[in-house]
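Please look at the sequence and the structure shown below, and then work through the questions and answers that follow.

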Amino acid sequence: FHRPTPSDQEAWFPRSTEGLSQATIDRATAAKMKLEHYYKVALEQAIERNQRRTNLENTLMTSHSSDERKHRQLMSLGRKESQYLRLRRTRLGLEDFATVKVIGKGAFGEVRLVQKTDTGKIYAMKTLRKFDMFKKDQLAHVKAERDVLAESDSPWVVQLFYSFQDPQYLYLIMEFLPGGDLMTMLIKYDTFTEDVTRFYMAECVLAIEAIHKLGFIHRDIKPDNILLDATGHIKLSDFGLSTGFHKTHDSAYYQRLLEGVQNSAGTESINLTFSSKDRIATWKKNRRALAYSTVGTPDYIAPEIFMQQGYGQECDWWSLGAIMFECLVGYPPFCAENPHETYRKIMNWRDQLCFPEDVHLSREAEDLIRRLIASPEHRLGRNGGANEIKSHPFFHGVVWEDIRKIDAPYVPQLRSITDTSYFPTEDLEQVPQTPPPSYHHDMGVDNKDLAFVGYTYKRFDYLTRKNAF
Amino acid sequence: TKPFGVPGKPLFLCSPYVDQTLVKGSFKTIVVLPKYVDRDEWLAFNTFEFFNYITMFHGIISDYCTPHTCPVMSGGPGVEYAWIDANQKKTRYSAPHYFDTMATWIHGQLADESRFPTKSGLEFPKDFVYTVRTIFRHLIRVLIHIYHSHYDKILNLTAEAHFNALFAHFVCFGKEFELLEQRLRQEELDIQIAAQALEGLASA
Ligand SMILES: Nc1ncnc2c1ncn2[C@@H]1O[C@H](COP(=O)(O)OP(=O)(O)OP(=O)(O)O)[C@@H](O)[C@H]1O
């Protein structure tokens, strides 16, 4: 067989999409894009698979174990690879998971501890009600969340293993972090010592740095999103708001806050005379309700985000400052009776940031907070990124490279892989075991379905590990 | 300007269209059985993917493949494929009817835990490779039909590089695991030639 020579063998076909329907053109574009993606992934996976194999072969070459043992190890790798291939053609649904317990609640759904029925592995399943999300224009929100979770291999980010959907819900199957979240910890302990605070803040610095390196801005770092793994080290969850661009729902939401402020103009809160203890008590009473509400709490959001004039990665360092304040003082720096009031305080942060007299903070701690709760241009981290923050005197003595290897201040005492004692499950008893069918079944929802096509992600390492942990 | 071809050759065999491919380098990289990996699992995974992508590309032309335009499932001049059901009964279907019947059947196979197990611990049946061969026989017919009867749509949509790549990949995989029939009719050989051309191009 030989190739025809171009001169006498060339054909000519004038291309035109005239007469083809828009649906056809769209389908063709989608098919082309998907195939390109397919080959890209197929190649990447072939390379990774090869690497795993040669790595093992090389290790075995230098090891002294018996040939039989080596053979068994190679076979075991083969089984893992085969298992992974099987997972990739598995279509998962709700029926493949059994709920053990409801462990958390967020704006658009709940988080449940679930067990995959065939393997017995434990996961956290986050349910998102599509209807509510579309209503609130949260599509980009979910997409961003999924992308960050899926793309990262970072030890600082909660891993996403599978996702699937039915007409009502989107389901995210994530690794289960049995240690609960920092919000629950703060509710339990009121405040942390500076040493404990240093540990959590240092880990947060590394976690935020990792997200920034992925090219994302989190924008919504708060204690509810700082989760603790089985060893008591942190991971960030919930990339709800992390996206590179503004979304329309934001402006509407902040606009509403602004209107609220105007309505309540002049209503200065009267808790100036309260001691820190009283404030902690009031704050804690409302804290969980706020976490469960659709609006969420603006307590940790940097002022420039409200101003709609653009912001950069440094907004996450503000949030860190607010969380650090809360760890040491017991409530966040701008906490108030309602979100409008908090919003107003954040906008006036220069006058509103004050350290209560009955709480003692070291000079370094107060200085770091003041450098984080600062205008964007003067904020620590603005110029030198995470390194600028790492070299602040408050962090003196922190071994940054090995921090995940040291013992955490609070290590969860777990009795089993399904232990949920670190979650406020008694608050969640009314939440049904399985997501109830929703009543809004209109066309609008189904039309949007396409946006979720390809909403599947499966990760090799964890899935083929023998036990969940 | 009117399209013109080369005498005695279908358009898809003509330059420059036959030379277009999305993928450079040898398909072998992603086709051969990876060392230590279970053969059935590899076949199952790839069959699943080929089915998804081939039906996706069929979706591009499906509006233009009607009982009217394609009253028989043809694979080029003089080649007609009959549907053979589970009882070996042959039926003549129009191309869209053939495709629907076929896609439903393959989908059923892929979803059948006793044929394509996905649950942990379930084994593949002994005759698994026969099922895969049957699926491949049907899928290549779909590709051949598109080449012979709907290639103008592929060109109008500038999808030939993609379609060629998918086709060459499919044939390369089919050959590697002996999933395609050895004996082909002359008209079908054209297609084989196209595949070879693409493969030659890919590994050049
Ligand atoms: N992977 C996980 N492992 C264990 N618990 C989790 C996990 N993910 C979430 N949780 C628990 O569920 C709670 C709510 O989850 P999350 O913050 O992700 O949802 P959310 O509040 O709905 O987020 P948003 O409303 O901002 O989208 C968390 O505070 C935490 O206690």
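Q: Among contacts in chain B between residues at least 6 apart in sequence, what percentage join residues at least 24 apart?
A: A contact here means that heavy atoms lie within 4.5 Å. Counting in chain B the contacts between residues at least 6 apart in sequence, the share that joins residues at least 24 apart is 71%. This is a predicted model, in which local features need pLDDT of at least 70 and side-chain atom pairs count only at pLDDT 80 or more, whereas totals for chains, interfaces and linings use all residues. Residues are numbered from 1 along each chain as its sequence is written, chains are lettered from A and ligands numbered from 1 in the order in which they are written, and side-chain values use heavy atoms, with hydrogens and water left out. For chain B, then, the value asked for is 71%.

Q: Which three residues supply 14% of the area that chain B buries against chain A?
A: Buried area is the accessible area (1.4 Å probe) that two parts lose on being put together, summed over both. Chain B and chain A bury about 5,100 Å² between them, with 62% of it on carbon and sulfur atoms. The three residues that supply 14% of what chain B buries there, more than any other three, are B:Y36, B:F45 and B:N156.

Q: Which element of chain B gives the most residues to the side that touches chain A?
A: Between the two chains there are six salt bridges, each a side-chain nitrogen of Lys or Arg within 4 Å of a carboxyl oxygen of Asp or Glu, and one of them joins the side chains of B:K119 and A:D96 at 3.5 Å, N to O. Among the elements that give two or more residues to this side of chain B are α1 (28-31), α5 (151-156) and α7 (186-203). The element that gives the most, with 13 residues, is α2(B).

Q: Which residue has its backbone oxygen 2.7 Å from a polar atom of the side chain of A:R112?
A: A:R112 sits in strand β2 (residues 110-116) of chain A, and this arginine counts as buried because its relative accessible area is 0%. A polar contact is a pair of N or O atoms within 3.5 Å, where within protein one must be able to donate a hydrogen and the other to accept it, and residues adjacent in sequence count only if both atoms are side-chain atoms. One such contact, of 3.2 Å, joins the side chains of A:R112 and A:E110. The backbone oxygen that lies 2.7 Å from a polar atom of the A:R112 side chain belongs to A:P432.

Technical notes
Helices (H or I, at least four residues) and strands (E, at least two) are DSSP runs, numbered from the N terminus. Buried means under 20% relative accessible area, exposed over 50%, partly exposed in between (1.4 Å probe, protein chains only).
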